[in-house]
Amino acid sequence: MNFLVFLTIAIILSSLLLIVGHFLPSRSLELEKSSPYECGFDPINSARLPFSFRFFLVAILFLIFDLEIALLFPIIPASSNNISILLPLSSVSLIILAAGLAYEWQQGGLEWAE
């Protein structure tokens with residue numbers, strides 16, 4: 001019963017916010033407001049220049065390795081109880097992380113220039 005009440009309230013509130021958000025703002029498009037730069041200068045180049053695909057690959061690699069390092073942080077406080085299990089597990093995860101880094105380095109995934 002409580003779930004249905006909360007679901008109904010959530011649907012009503014979200015619908016109300018969508019309706020108010022649609023009708024409330026005034027939509028006056030001016031040349032200055034719709035320009036990509038608001039610093040007072042005319043744009044020199046297009047603001048829609050694509051990024052290099054290599055940039056996204058390096059960003060994804062950074063996120064993967066950063067996440068792996070963040071997963072190793074809880075091992076330090078937990079190692080005071082049972083170090084005989086945690087030390088091999090952390091060593092295996094670090095070896096896998098180092099092997100992945102060596103593989104990406106060998107394949108040229110970390111080079112900026114093409």
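1. UniProt positions are given here in the numbering used for this structure, with feature names shortened, and such annotations may be inferred rather than shown by experiment. The unreviewed UniProt entry annotates residues 52-73 and 85-103 as "transmembrane region".

2. This is a predicted model, in which local features need pLDDT of at least 70 and side-chain atom pairs count only at pLDDT 80 or more, while totals for chains, interfaces and linings use all residues. Residues are numbered from 1 along each chain as its sequence is written, and side-chain values use heavy atoms, with hydrogens and water left out.

3. The protein has 5 helices and 0 strands, in the order α-α-α-α-α along the sequence. Helices (H or I, at least four residues) and strands (E, at least two) are DSSP runs, numbered from the N terminus.

4. Both annotated segments can be set against the model. Residues 52-73 are 91% helix and 0% strand, with end C-alpha atoms 33 Å apart. For residues 85-103 the figures are 100% helix and 0% strand, and the end C-alpha atoms are 28 Å apart.

5. Helix 5 comprises 25 residues (83-107); at 1.5 Å a residue it should span 36 Å, which agrees with the 36 Å between its end C-alpha atoms. The expected span is 1.5 Å times one less than the number of residues. Gly108 follows helix 5 and has a positive phi, near 85°.

6. Leu86, Ser90 and Leu97 of helix 5 are buried, where buried means under 20% relative accessible area, exposed over 50%, and partly exposed in between (1.4 Å probe, protein chains only). The cover over the buried residues of helix 5 includes helix 3 (53-72) and helix 4 (75-78).

7. Val58 lies in helix 3 and counts as buried because its relative accessibility is 16%. Val58 and Glu104 are separated by 46 residues in sequence and by 9.9 Å in space, C-alpha to C-alpha.

8. Of the 114 residues, 8% count as buried. The accessible surface is about 10,400 Å², 72% of it belonging to carbon and sulfur atoms; areas come from the Shrake-Rupley method with a 1.4 Å probe, and for residues only the protein chains shown count as cover.

9. Leu16 is in helix 1 (residues 2-23) and is partly exposed, because its relative accessible area is 49%. Among contacts (heavy atoms within 4.5 Å) between residues at least 6 apart in sequence, 57% join residues at least 24 apart.
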